[in-house]
Amino acid sequence: MDSNEEEQKIPVSQRPEWADVKPVPQDDGPRPVVPIAYTEEFRETMDYFRAVYVSDERSPRSLQLTSEAIHLNPGNYTVWHFRRAVLEALNADLHEELDFVENVAKENSKNYQIWHHRRWLAEKLGTGAIVKELEFTKNILSLDAKNYHAWSHRQWVLKALGGWEDELEYCHQLLTDDVFNNSAWNQRYFVVTGSPLLGGLDAMRDSEVDYTIEAIIAHPENESPWRYLRGLYKQDMKTWANDPRISSLCLKVLSTKTRCIFALSTLLDLICSGFQPGPEFKAAVDDLQASDTGPSDSGLGETICSVLERIDPLRVNYWTWRKSHLPSVTV
């Protein structure tokens, strides 16, 4: 236990260095309806915090007191706000402050105030914070792969400060560990479309399509890579419809007689975007239809919608609507 921790065991009112401060009690009014049962430690710490806050005392003891108040309630915005003012006034070592935040975040990784404070520190430190911030978010994400705050902060660091060099490989490693990690797929798209080192979506599309198709073939039921594949052709549906790799992927999945919602919906979108399917596509879809109702005389688009109505009941109304709005050439 260090000296600060030992000091925190002593009530603030019993510390000699605080003898000159008159605590400011919380004002709940004369007759509070439901008074909160604060612990004595919390009540006293906050009474003294209010005293230094009101007097705007930006001193080392005020900084230490904010540390204690934050450990008692990491979500108190006013305490964090005042801590930033004190840090600036003292010209404190902000690298040490990063360590303080990391310790608090271990048990409070979804606390908005922590992430706001962390960004403030990174802005102050500039490019010198890149390595530590990327490592910080990586550690958080290793415990919770879907922590929105960590992903948001990581993306901000990349855009504002840099550090893109290894980010695509980081995404690949996350997907190698868990190909169903939709947050990693989202980050991969962020990198492919935003990194100044990769040349943009047009330069990366071809290799990314191959990468994604490989992931889909391994797990056709995984929605994330299907969505990612569609995103690679954002606002370019003509290229989407004419890329033979996409239609071939759909046929390969459907030919296994697997009722894959994502393969069917992708094929439907391709057809609606101008793709002209050969007889092998109709045969594959008819096989899925026939297992329930027998062969269909309907057009391929209509047959696909009918199959989707049955295998995706959660969105049956949507598929019914799609069926009624098919281009005439697809019906």
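These are my notebook entries on a few things I looked up in this structure.

**Before starting**

I noted that I am working with a predicted model.

**Entry 1**

I began with helix 2, which covers residues 40-55, and helix 4, which covers residues 77-90. I wanted to know at what angle helix 2 and helix 4 pack. The angle is about 45 degrees, and the axes lie 12 Å apart. Angles under 35 degrees would be roughly parallel, and 65 to 115 would be roughly perpendicular. Helix 2 and helix 4 are therefore oblique to each other. I also looked up the handedness, and the crossing of these two helices is left-handed.

Next I asked myself: which residues of helix 2 meet helix 4? On the helix 2 side I found Met46, Phe49, Val52 and Tyr53. On the helix 4 side they meet Thr78, Val79 and Phe82. Sorted by class, this contact has six nonpolar residues, one polar residue and no charged ones.

**Entry 1: positive phi without glycine**

Then I went through some backbone angles. Asp56 has a phi near 55 degrees, which is a positive value in a residue other than glycine. I found Asp56 in the loop between helix 2 and helix 3, and helix 3 spans 60-72. Is Asp56 buried, exposed or partly exposed? Its relative accessibility is 39%, so I wrote it down as partly exposed.

Asn91 went on the page too, with a positive phi of about 50 degrees although it is not a glycine. Asn91 sits in the loop between helix 4 and helix 5, the latter being 94-105. Asn91 has a relative accessible area of 69%, so I put it down as exposed. The cut-off I needed here is that exposed means over 50%.

**Entry 2: aromatic rings**

How many aromatic pairs does a search of the whole structure find? The count is 16. To describe a pair of aromatic rings, I need the distance of the centres and the angle of the planes.

I checked Tyr233 and Trp240, whose ring centres are 5.7 Å apart with planes at 65 degrees. Planes over 60 degrees apart count as edge-to-face, so that is what I called the pair of Tyr233 and Trp240. Tyr233 is buried, with a relative accessible area of 0%. Trp240 comes out at 1%, so it counts as buried.

I did another pair, Phe275 and Phe281. Their ring centres are 5.3 Å apart and their planes are at 80 degrees, so this pair is edge-to-face. Both Phe275 and Phe281 are buried.

I also noted a cluster: ring pairs link Trp185, Tyr189, Tyr211 and Tyr228.

Asn242 belongs to helix 13, residues 237-242. Asn242 is exposed, at 51% relative accessible area. I then compared Asn242 with Ser273: they are 31 residues apart in sequence, and their C-alpha atoms are 9.1 Å apart in space.

**Entry 3: an arginine with its contacts**

Last, I looked at Arg154, which lies in helix 8, residues 148-160. Is Arg154 buried or exposed? Its relative accessible area is 4%, and buried means under 20%, so Arg154 is buried.

What is Arg154 in contact with, leaving aside its neighbours within four places in sequence? My list reads Leu134, Thr137, Lys138, Glu167, Tyr170 and Gln187.

Notes
Residues numbered from 1 in each chain as written. Predicted model: local features only at pLDDT ≥ 70, side-chain atom pairs only at ≥ 80, totals over all residues. Heavy atoms only, no water. Axes fitted to C-alpha atoms, helices over the stretch in contact; angles between N-to-C directions. Helix = DSSP H or I, 4+ residues; strand = E, 2+ residues; numbered from the N terminus. Parallel < 35°, antiparallel > 145°, perpendicular 65-115°, else oblique. Left-handed = near helix turned anticlockwise from the far one by under 90°. Contact = heavy atoms within 4.5 Å. Nonpolar A, V, L, I, M, F, W, Y, C, P; charged D, E, K, R; others polar. Buried < 20%, exposed > 50% of the residue type's maximum accessible area, 1.4 Å probe, protein only. Phe/Tyr/Trp six-rings, centres within 6.5 Å; stacked < 30°, edge-to-face > 60°.
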